[in-house]
Amino acid sequence: MLKILVRRLLQAVPSLIIISFIGFALLSIAPGDPLTARLDRDALVHMSPEQLQAARQALGLNDALPVRYWHWLTGVLHGDLGYSIVTGQTAMSEISSRAGATLILLAASVMIAVCVGIPCGILAARYPNERIDRLLTGGAVVMISVPTFIVGLLMIYLFAIRMGILPAGGLSEPGAPTTLAGTLRHVALPATVLGLANAAPLVRFARSGLLEVLASDYVRTARAKGLRERGVIFRHGLRNASLPLITIMAMLIPDLVGGAVITEVVFAWPGMGRLVVSSAQSGDPAVMMTIIIMVAVTVITANLLADILYVVADPRVRVS
Amino acid sequence: MRRFSWLSVALAATLITSACTSSSNDGQAAGEKGKTDTTLSVTRVGPIFPVFHPVRATDNTYPLLYLIYSNLVHLKSDEKTITPDLATSWKASPDATTFTFTLADNAKWQDGTKFTADDVAFTAWWAARYPTAYTGLPNVWSQIKGADETAKTGADLAGVKVLSPTSIEFTLSAPNAEFLPSLANASNVIVAKHVLKDETDKTIEKVTATTQSPIGTGPYKLTKYVPDQYVEFTANKDYFEGAPKIDHIIWKILPDDQVTTQLQSGALDVAFGLGEDTRPLLASVKNLDLVESTSVGMVGLYTRTDAPALTDNRVRQAIYYGIDRQKLIDTVLKGAAKPLWNPPGLSYDDLNHYAFDPAKARTLLKEAGWSAGTTLKLVYWKDAPNATEVLPIIQQQLGEIGVKVQLNPLEVDNWDDMVTNPSRRGEWDLDYEFGGSFGLTPDQSSRSYSTCTGPKIQTGYQNCKLTDLFVQGRGTTDQAKRDATYHKAAEILNQDADVVYLWQPVLLNPVSTKVKGLEIYPFDRHSFMRANEWSMS
């Protein structure tokens, strides 16, 4: 077990370096100049070529790509992730002031995805091809097919504008003290949208996994023993069907992070997703790179976690 | 597994119930609060930069500076009439070179310190000392005599004389009658000497005195800034023109689509500078007035006059004649724009309006020896206002007079870089531009033509006669003389057509009927100059 863990952790290092280099190179070769994000257009137009050159020099934009990457990498290894070109704050402070909001949104969404997705999948598998199954799998297909921003806009229209019972966006009421109730009220719509979008694949995987297991010999044996249906499903069915679900849930994490970007923009959620969009638009290298690394670490960790859970849940994996 | 999932269900249930019950609690709390305090939520599309100092007088940081700080003078909503602010009276020499100000003696900084002429002198000195720190709209202080010397050595600014704690005199290095109204721009707000005297261009954007808790003499104190959410301002009860009437102003930082959504849901009271496309969404919202304002900006095609195909001004005039601007305004823009034939501010009525005339356009092209094989590259920011609707029609209309146009949509920083970077001039011929503040005064256009020998900017058009006329216009305080001079400049621009001006947008400013006394200025961000007079019913 420990050996697997160490090996996987060591494998993660080159992955991170390769990801960071590709990210850095892509950001650098993308057309445009980060300087334009910092300077007012009017000021930019009237600057002489010498002034522009000096401004680029001051921001370290003049060196060759490998040199800049090396500076960035050594900086990161010393714990210095650089400064945002746009705001002048450190990349870390830009991100940390928004990470909390994203974590709240992700936690609430995962909870909704799991609490809705898995029970619905079980329900659908329990009554295959009946009306409830068709309704649930149909709903899941719709949630997978319709982009989250459309669902988001519909929800805003319904709950915030027509009914006026939930806020249209933001994390808190400006000026009012932050309360748990207020936060929950604000997170309700975005988390539901993101949660349901991620519940949909869970419904389908839980259903098909469980159906497969329920058709197997040992389930028939259990039924033949006269075990109650609930026992069959939860003790024999779900435990075995949960193996692929662990992988699916780990694979959902990148989806969730990606979905969070769109959801945050639609709901004016002050998290890292909005920061990603604005720093991508302004080509802010330090902030973008920090986020790329954080997402890469999250995905690698999620995969690692899935592997470990898999080993814990299935003794057969340990043997092989 | 089973235990886990039941636990989650229970948690989810708590979450949902608490979310539902909390809604009523929140409502009550807000209601009770509303009795004592008035709060105005306001926004404008676009980013803010969290440096609350005139070095960053750009985008939406610009209007916020008016809440925190004061200027020497302000403007009325005609953008022409100068009104007192920190300066109670002023005198300009007839040659527009020396300006003397008498200052208010009851103004205090928001930390209680008394405001004096030394603060004004410090503001001017600091700006002259660190000119490159200013990345927003330009400030006027570098026009003062001795500014170059100060930038090099840090010496006192020669053209500034503090006559007494309540009076100060400026001498400019060159005459400029625009100096006085320009003092009302947010890039020229007065900052506190005792707070910022130790800061340099390296530190100014990092200290809490500019990022978290700026100190001004303005009507509102910045009490909280939450990234990507809002900036909260609280009334400054000791404001020298009397305590402002609204207790809190909340500037919301919202993605574009949320602006209309929150106006619809009532979570936002005022939004500045929206497009006509939001009207169908907002027209039916109760208690919301849609105030129209003609912007001081413009929409037009910059022509690269140093491109071989565009050097002849008859080709540029032909492009003007070949575009049916009025039809585009009536159909695509639903009437929400006014046609232009020169920069706003210089679009005098007796000039050539370049009304749609394809026959004339073809004649001009023929005279100029236009070759039918030439294709012009039109570059634009892909999300520029109306670009995707307007430009294909323009492409078609120009095609009909024999000018082939290739449309090239770009991401914003690539476009910005391409059309401003001197080394990328070969990559474009026409550039769809929008915005600016040319309409403020006739002299606003002078910056585009300030040199006839230096490096070429944007259109690359240079004309020493034009440059001289703008210098003359600034050189006297005699209004009749100035008008005549600017008219001459306007004639040249109208004739040479380095920019094919399309129109001046009419913007929508939704204002809740609860809000009283809010006047929308043509340069919408200037409306904040008089935030102390706003009130709520």
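Predicted model: local features only at pLDDT ≥ 70, side-chain atom pairs only at ≥ 80, totals over all residues.
User: How many helices and strands does chain A have?

Analyst: Chain A has 14 helices and zero strands. Its C-alpha atoms fill a box of roughly 85 × 55 × 35 Å along the principal axes.

User: What share of chain A is buried, and what makes a residue count as buried?

Analyst: A residue is buried if 20 or more other C-beta atoms lie within 10 Å of its own. Of the 320 residues in chain A, 41% are buried.

User: How do α8(A) and α11(A) pack?

Analyst: Helix α8 (residues 148-162) and helix α11 (residues 229-266) of chain A pack at an angle of about 30 degrees, and their axes are 9 Å apart.

User: Why is α8(A) called roughly parallel to α11(A)?

Analyst: Angles under 35 degrees count as roughly parallel. The angle here is about 30 degrees, and therefore α8(A) is roughly parallel to α11(A). The crossing of these two helices is right-handed.

User: Which residues make the contact between α8(A) and α11(A)?

Analyst: From α8(A) come A:Thr148, A:Phe149, A:Gly152 and A:Leu153; from α11(A) come A:Gly259, A:Ile262, A:Thr263 and A:Val266.

User: What makes the division of these contact residues into nonpolar, polar and charged come out as it does?

Analyst: Phe, Leu, Ile and Val count as nonpolar, whereas Gly is among the polar residues. The contact of α8(A) with α11(A) accordingly divides into four nonpolar, four polar and no charged residues.

Notes. Residues numbered from 1 in each chain as written. Chains lettered and ligands numbered in written order. Helix = DSSP H or I, 4+ residues; strand = E, 2+ residues; numbered from the N terminus. Buried ≥ 20, exposed ≤ 12 C-beta atoms within 10 Å, placed from the backbone. Axes fitted to C-alpha atoms, helices over the stretch in contact; angles between N-to-C directions. Parallel < 35°, antiparallel > 145°, perpendicular 65-115°, else oblique. Left-handed = near helix turned anticlockwise from the far one by under 90°. Contact = placed C-beta atoms within 7 Å.
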